[in-house]
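The stops below are given in the order in which to select them.

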Amino acid sequence: MPRKCIVGGNWKCNPASQKEANALLDAWKKVCNTFDKEKVDVVICPPAIWMYDMKDRMQAMGMAASAQNVSKTGYGAFTGEWTAESLVDMEIAWTLIGHSERRVKYGETDADTAEKVKLGLAAGMNVM
C-alpha cells in the first residue's frame, strides 16, 4: 500500500487575530471537499494560542490541527513549553519540529531536534 501524502501549512504567528484565523478557516470550507481524505492528510499549524480552539473546526473539515513545536523536556519548570504528552491530552496528534527559524533564532541543534522527535513519537504523535 502506498504511503499517504501529507500537505501541511504552518501559519507561524499569522494571522494577526483569532477573528482573521476563523475567517481563513471559513474560506477553506469551500475547498475542503476537493481533496481525497483517504489519500492525503491535510495538517494545519495555527499559532499555539488558537490551536485548541480551532482543532474541532479543522477536524470537521477533514484537516488536523498541529502544534508548531514541542518541548525537548518533559513536565517541569519550563515556562512556555508544550510537552508532547500535554498535546496528546489536548487531542493534538501532530507536531512540526526542526524548522529553520528555531535553529537560526533560538539556536536549536540537530540533537535538540532529535530529542523532540523522540519525545513526540514516544507520546504517539505524528511528527513532521
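Which residues does Lys116 touch, not counting residues up to four places away in sequence? Select Lys116 and display its surroundings: Asn69, Val70, Ser71, Lys72, Ile97, Arg102 and Glu108 are touched, where contact means heavy atoms within 4.5 Å. Lys116 is part of helix α5, residues 110–122. Its relative accessible area is 3%, so Lys116 is buried; buried means under 20% relative accessible area, exposed over 50%, and partly exposed in between, with a 1.4 Å probe and protein chains only.

A note on what is on screen: this is a predicted model, in which local features need pLDDT of at least 70 and side-chain atom pairs count only at pLDDT 80 or more, while totals for chains, interfaces and linings use all residues. Residues are numbered from 1 along each chain as its sequence is written, and side-chain values use heavy atoms, with hydrogens and water left out.

**Whole chain**

Zoom out and colour by secondary structure. The protein has 5 helices and 5 strands, and along the sequence they follow the pattern β-α-β-α-β-α-β-α-α-β. Helices (H or I, at least four residues) and strands (E, at least two) are DSSP runs, numbered from the N terminus. The radius of gyration is 15 Å, close to the 14 Å that the globule rule gives for 128 residues, so the protein is as compact as a globular protein of that length. That radius is taken over C-alpha atoms, and the rule is 2.2 Å times the number of residues to the power 0.38. The C-alpha trace spans about 40 × 40 × 30 Å along its principal axes. Of the 128 residues, 35% count as buried.

**Helices α1 and α2**

Select residues 18–28 for α1 and 48–60 for α2; the two pack at an angle of about 20°, with their axes 11 Å apart. Axes are lines fitted to C-alpha atoms, for helices over the stretch in contact, and angles run from 0 to 180 degrees between N-to-C directions. The helices are therefore roughly parallel to each other, a term for angles under 35 degrees. Now show side chains: the contact is made by Gln18, Ala21, Asn22, Leu25 and Asp26 of α1 and by Trp50, Asp53, Met54, Arg57 and Met58 of α2.

Stay with Arg57 in α2. Leaving aside neighbours within four places in sequence, Arg57 is in contact with Asn22, Leu25, Asp26 and Lys29. Its relative accessibility is 27%, so Arg57 counts as partly exposed. For a distance label, pick Gly120: Arg57 and Gly120 are 24 Å apart, C-alpha to C-alpha, and 63 residues apart in sequence.

**Strand β3**

Move to Ala67 in β3, residues 63–67. At 2% relative accessibility, Ala67 counts as buried. Beyond neighbours within four places in sequence, Ala67 is in contact with Cys45, Met51, Leu87, Ile92, Trp94, Thr95 and Leu96.

**Backbone checks**

Most residues other than glycine have a negative phi, and most peptide bonds are trans. Which peptide bond is cis, with omega near -10°? Select Asn14 and Pro15, which that bond joins; Pro15 is in the loop between β1 (5–10) and α1.

Lys12 lies in the loop between β1 and α1 and has a positive phi, near 55°. With 37% relative accessibility, Lys12 counts as partly exposed.

End at Glu91, in the loop between α3 (84–89) and β4 (94–95). Its phi is positive, about 65°, although Glu91 is not a glycine. Glu91 is exposed, with a relative accessible area of 55%.

Notes. Parallel < 35°, antiparallel > 145°, perpendicular 65-115°, else oblique.
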